[in-house]
Amino acid sequence: MQNRTESLLHAVKNRILILDGAMGTMIQRYQLTEDDFRTAELKDHPKSLKGNNDLLSLSRPDIIKQIHREYLDAGADIIETNTFSSTTIAQADYELSHLAYEINLESAKIAREVADEFSAREPQKPRFVAGAIGPTNRTASLSPDVNDPGFRAITFDQLAEAYSEQVRGLLDGGSDILLIETIFDTLNAKAALYAVQDVFEERNIPLDPKEGGIPIMISGTITDASGRTLSGQTTEAFLISVSHVPLLSVGLNCALGAKELRPYLKVLAQNAPFYVSAYPNAGLPNEFGAYDQGANEMADQVRDFLKEGMLNILGGCCGTTPDHIQALAKLAAEYQPRKIEEVTEEEESNV
């Protein structure tokens with residue numbers, strides 16, 4: 001792990017790293033049936049499981065491996081585990097909370113196997129696994145009941161407990177990075193960060209990647225043209241809220257296409273003491289909820305980010321495919337990564 005962390009820190013300092021694209025978009029291509037989501041143990045499970053994509057890591061690992069391979073073939077440096085909804089909280093909808101740890105463990109193992117396969121093939125370009133930690137389907141800051149604004153469907157402690165289990169599974173499966181993503185409620189993200197810190201302390205893992213710790217990436221979601229997260233924070237407020245942890249990167253993903261994301265990304269690029277990431281959607285969804293933006297159009301819009309030196313990590317979210325990632329990888333190779341000013345110990349002591 002120490003060597004992989006060192007390799008990652010070296011790589012991100014010297015070039016723009018490419019994150020993979022959407023998992024759901026690729027899974028849809030397989031036109032799976034209910035049976036594909038059921039393991040032998042879940043043959044008689046009373047709830048419908050179709051659509052529980054994270055479960056495919058147990059029932060159809062071959063599909064998940066193939067999708068990882070396609071993104072790595074397209075030029076991705078980092079692949080995300082198939083664990084966006086792999087907390088006890090999110091899996092409760094399917095009455096599968098008891099499988100949360102196993103899903104995280106197996107998903108990370110699958111990604112690790114494929115990443116190692118490509119790293120062995122091209123030692124000069126090591127591939128990394130990011131353990132994906134989604135926002136859950138509950139919010140700690142907002143009431144789901146319009147008639148009771150003080151009501152909360154989840155507590156901070158419940159979130160932290162669920163995230164801790166997820167983090168343990170992702171680490172045990174071999175993740176190089178922990179990626180807390182698609183953050184619409186920063187309080188949820190702070191519970192995830194608390195859980196990460198707790199597990200790191202439990203396992204004697206340093207929090208700072210420069211000291212050999214496992215890097216943490218944070219990615220928020222601006223939900224509309226107001227430039228705020230769902231819980232009402234501006235991009236700058238979001239950055240300040242998570243800056244207490246020595247992150248590898250902070251960035252934005254989902255909800256918006258590249259063009260719409262640009263002004264908010266600029267705020268991060270100008271203010272973040274960390275590396276900056278972006279993985280926008282393939283444009284905005286059409287009236288059927290599908291994404292029509294092609295790979296070249298998306299790359300043209302992302303070019304502005306790169307020209308202005310805003311990014312260190314680039315990928316795709318909803319609607320993106322290996323074609324999109326290939327176009328972004330080709331484009332990113334033409335540009336230098338964003339530089340961050342590293343404060344020396346001497347400068348720090350003079351502050």
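**Close-up views of a helix pair and a cavity**

**View 1. Helices α4 and α6 cross in a right-handed manner.** A crossing counts as right-handed if the near helix is turned clockwise from the far one by less than a right angle, and left-handed if anticlockwise. The model is predicted: local features need pLDDT of at least 70, side-chain atom pairs count only at pLDDT 80 or more, and totals for chains, interfaces and linings use all residues. Residues are numbered from 1 along each chain as its sequence is written, and side-chain values use heavy atoms, without hydrogens and water. Helix α4 spans residues 61-73 and helix α6 residues 100-121. Their axes lie 9 Å apart, at an angle of about 35° (lines fitted to C-alpha atoms over the stretch in contact; angles run from 0 to 180 degrees between N-to-C directions). Helices are DSSP runs of H or I, at least four residues, and strands runs of E, at least two, numbered from the N terminus.

**View 2. Residues in the contact of α4 with α6.** From α4 come Pro61, Ile64, Lys65, His68, Arg69, Leu72 and Asp73. α6 supplies Ile110, Ala111, Glu113, Val114, Ala115, Glu117, Phe118 and Arg121. Contact means heavy atoms within 4.5 Å. By class, eight residues are nonpolar, one is polar and six are charged (Ala, Val, Leu, Ile, Met, Phe, Trp, Tyr, Cys and Pro are nonpolar; Asp, Glu, Lys and Arg charged; the others, Gly among them, polar).

**View 3. Lining of the largest cavity.** Lining residues have an atom within 4 Å of a cavity point, on a 1 Å grid where a 1.4 Å probe fits but cannot get out. They are Ile133, Gly134, Pro135, Tyr163, Ile180, Glu181, Ile183, Asp185, Asn188 and Ala189. β4 (177-183) and α8 (186-202) each give two or more residues. β4 gives the most, with three.

Notes: On a 1 Å grid over the protein atoms alone, a cavity is a set of points where a 1.4 Å probe fits but cannot get out, and a pocket is an open set with protein on both sides within 12 Å along at least five of seven lines; lining residues have an atom within 4 Å of a point.
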